[in-house]
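Open the structure in your viewer and keep the selection tool ready. We will go stop by stop.

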Amino acid sequence: MNRLRAILFTLIVLLFPAAQFFGWAQSSSAIRAFVGNVGLERAFSIGTTTTDQQDVVTRLRQDDPGESFESRFAPLRPFLRPDQHIGFVTDRAWPAGGSRGPERAFLFAQYALAPLVLTDSDTSKYVVASFSSESVLDMMAEGKGTVCSKRQVPVDSNETSDRLDEPLLIQPVIAAPRLRPLDYLRQIYRCDKSTFRIVRRFGDGVAILESVSLGQ
Amino acid sequence: MAATLSIVFAFAVIAVGGRLVYQPMLSRFPIPRTLASVLVALAGLYLVSVLYFFSLGSFGASRFGLAAAEVLAIALILVGVIGLRNRQSRSSSAVADNFLPTTVSGWPGRVALLFAGGLICAYTAGFVIRSVKAPHGYIDAVITWNRGARFLFRDKEHWLNNFEVLVGQFQPDYPLFLQSTIARLWTYLGSESQAVPPLVAYGFVALSAALLYTSLAHLRGRAAAAFALCLLVGSTIFVKSSFDQVADVPIATFILASIVVLSLGERHGLNTLSRWALAGAFAGAAAWMKNEGGLFVMALGAAAVLGAGRPWFRQETLRRVLGYGLGAVITLIPVLVLKLWYAPPSYLADGGLDAVIVRLTDGSRYLEVLGLMVAHVVRLDTLPIPVLALLALLGGFERAIAHREAVMAGVMTVAFLMIGYYLFYMVTPFTVAWHVDTSFTRLLTQLLPVGLFLFFSSVRVPHTFAGGERKTA
């Protein structure tokens, strides 16, 4: 009886990590392909993997998004003083359907530009721009873009959706705290024509801009 | 060459400083060297992290200034230790077995140990791949700990900017243990090496696994330790959390250390005041790691007051509370300085007291929070909690636990923490379902090592079904 208990006890302890590793392996396309090649596909598809288990493999597969921000923002750092508080604009995807593109861009920019403090206020005279291309930067400088920022006063939500055909530039990127996804999606941005002047370009859509409207 | 010497010095200070801080206890606390080394490393890491923080606030933490401050601190501790040793040498010192059991009795323990070895190799390979591909860590590590480390390291004049970043996004109110540890190593290296954050993360994983294994091996035998190690390294959430470079595994290590020193003290007859002081010191260090550590300090403090079912008014209770309070207050000093002088208020304070009352009077919220928390606890895919229930049924509970008071205190602490988490979710300004889903598993990760320690301290493992484990010197 004790022997049977010992066997069961040991098996249960070993099965738990084995099941976790199996779940991770199931999430790996490389392992899936290998198992398929050796004809064990059916045996390999037992059970379902959970999000957490898939995440382990996703983390092994993905390159660091922080790395691209590091190289993009590195040339800016000598031109920014740490005692300045500075704004941020990006043309990352509008936060529809739960996308956190602009927010991520803001977070990584702050990480790359430390100890400079990026603000979520649209009252900064100088702004760090992180655009997808130099052409977007040019449109901005020519006043063809739209800058959308966290609204300070209630506005008609239709007003923002009507303008989505124009290049959409969100400043600041973040409105609600990161930990409020539902509020985040409900947010309405206040949008205006861009009034920026390029102070210095750094290539790849990165620049320091000056807000012209604030100077008037 | 200078960088190499500096980094050797940086690690030597951790070892020497930790050893000196721990020395007064070690001399009366004869535990295996490997186990002592882990505790020494944790004490050393805490010490240098706090020194770095205070150096920043005073003279800017340049490489040579920092080295001088660390040497001075070690000299001061040395003077204190020599004084204490002279006093202790006049009193009798405790005698106990100073070795880990060198063999594992029974095939189940040997199989588990072999399996755990394989898991650790696979885990390490995964960690290396992850760290090479993503040295900055998961987004939470990027915006909180690694960002904070950059603020502390990059500009010693403007390091206070760390507390001016947006509260909701970057959590500048967080304690600075990890941030200062990383920034200190960068300072000694003289550059912002991307290898440092993953190295620190892996260091804490190794320390937590080593502490769990060596403490259980010492107190309950290697078989129990090997089973616990399998369940720790095989837990998806533990692996994911450590890959991410977030502070859940480091805080889990200090939570475990608090209960381990309490257990060792009880096992080796260390007086109540001293062992609770040690537990309090490690608990305070947990609060320097993450805000949740503050709740842990209160939970273990409540366990000290209620103490294993003894009447609270006894003299023994007074010693426990006094010892715990003394230990915790000392290591909480940097947390208090940070919170009182530097850190902005937490975003959790949003809404004020009126909003909290509204949430507490919402009847449906009570059941919703409870249901969501229970659903996470019984999940099989991340944590081994249902597995542990099954193992307890098979193994049965040990009646003669050598460190019974410590185990009871640990169980009570975990229970108090659960109540604390429940109340926290009750008053959260965020959507309950979203907040529980995104954070509760991580809170459970912080309790995983201590949970496994308490479980394998109390439950019989296969080799004890038939006989004991052989200990050899």
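**Stop 1: a lysine on a helix**

Select B:Lys133. This residue sits in helix 4 of chain B, which covers residues 107-133. Keep in mind that you are looking at a predicted model.

Is B:Lys133 buried, partly exposed or exposed? Count the C-beta neighbours inside 10 Å: there are 14. A buried residue needs 20 or more, and an exposed one has 12 or fewer. B:Lys133 therefore counts as partly exposed.

How far apart are B:Lys133 and B:His403 in space? From C-alpha to C-alpha, the distance is 44 Å. Along the sequence, 270 residues separate B:Lys133 and B:His403.

**Stop 2: the whole of chain B**

Zoom out and show chain B as a cartoon. You will find 20 helices and 0 strands. The chain has 473 residues, and 52% of them are buried.

Next, think about contacts between residues at least 6 apart in the sequence of chain B. Of these, 82% join residues at least 24 apart.

**Stop 3: helix 12**

Select residues 272-289 of chain B. This is helix 12, with 18 residues.

**Stop 4: the largest nonpolar core**

Nonpolar side chains tend to be buried together in soluble globular proteins. Here, the largest nonpolar core has 178 residues. Select B:Ala228 and B:Cys230, the residues with the most contacts inside this core. Then pick helix 2 of chain B, residues 33-58. Helix 2 gives the most to the core: 17 residues.

Bring chain A into view. Its domain 1 (2-61) and domain 2 (65-215) both give residues to this core, so the core lies between them.

Stay with B:Cys230. Which residues does B:Cys230 contact, leaving aside neighbours within four places in sequence? In chain A, they are A:Val13, A:Leu14 and A:Pro17. In chain B, they are B:Ala112, B:Phe115, B:Ala116 and B:Leu119.

**Stop 5: confidence**

Colour chain B by pLDDT. The average is 85, and 87% of the residues score at least 70. Select residues 91-96 of chain B, where the pLDDT is below 50. Beyond near neighbours in sequence, this stretch has 12 contacts in the model. Residues 468-473 of chain B are also below 50, with 15 such contacts.

For the model, the scores are ipTM 0.85 and pTM 0.87.

Methods: Residues are numbered from 1 along each chain as its sequence is written. Chains are lettered from A and ligands numbered from 1 in the order in which they are written. This is a predicted model: local features need pLDDT of at least 70, side-chain atom pairs count only at pLDDT 80 or more; totals for chains, interfaces and linings use all residues. Helices (H or I, at least four residues) and strands (E, at least two) are DSSP runs, numbered from the N terminus. Two residues are in contact if their C-beta atoms, placed from the backbone, lie within 7 Å. The expected span of a helix is 1.5 Å times one less than its number of residues. A nonpolar core is a set of buried Ala, Val, Leu, Ile, Met, Phe, Trp, Tyr and Cys residues joined through C-beta atoms within 7 Å. Domain bounds come from an automatic or database domain assignment. pLDDT is the predictor's confidence in each residue, from 0 to 100.
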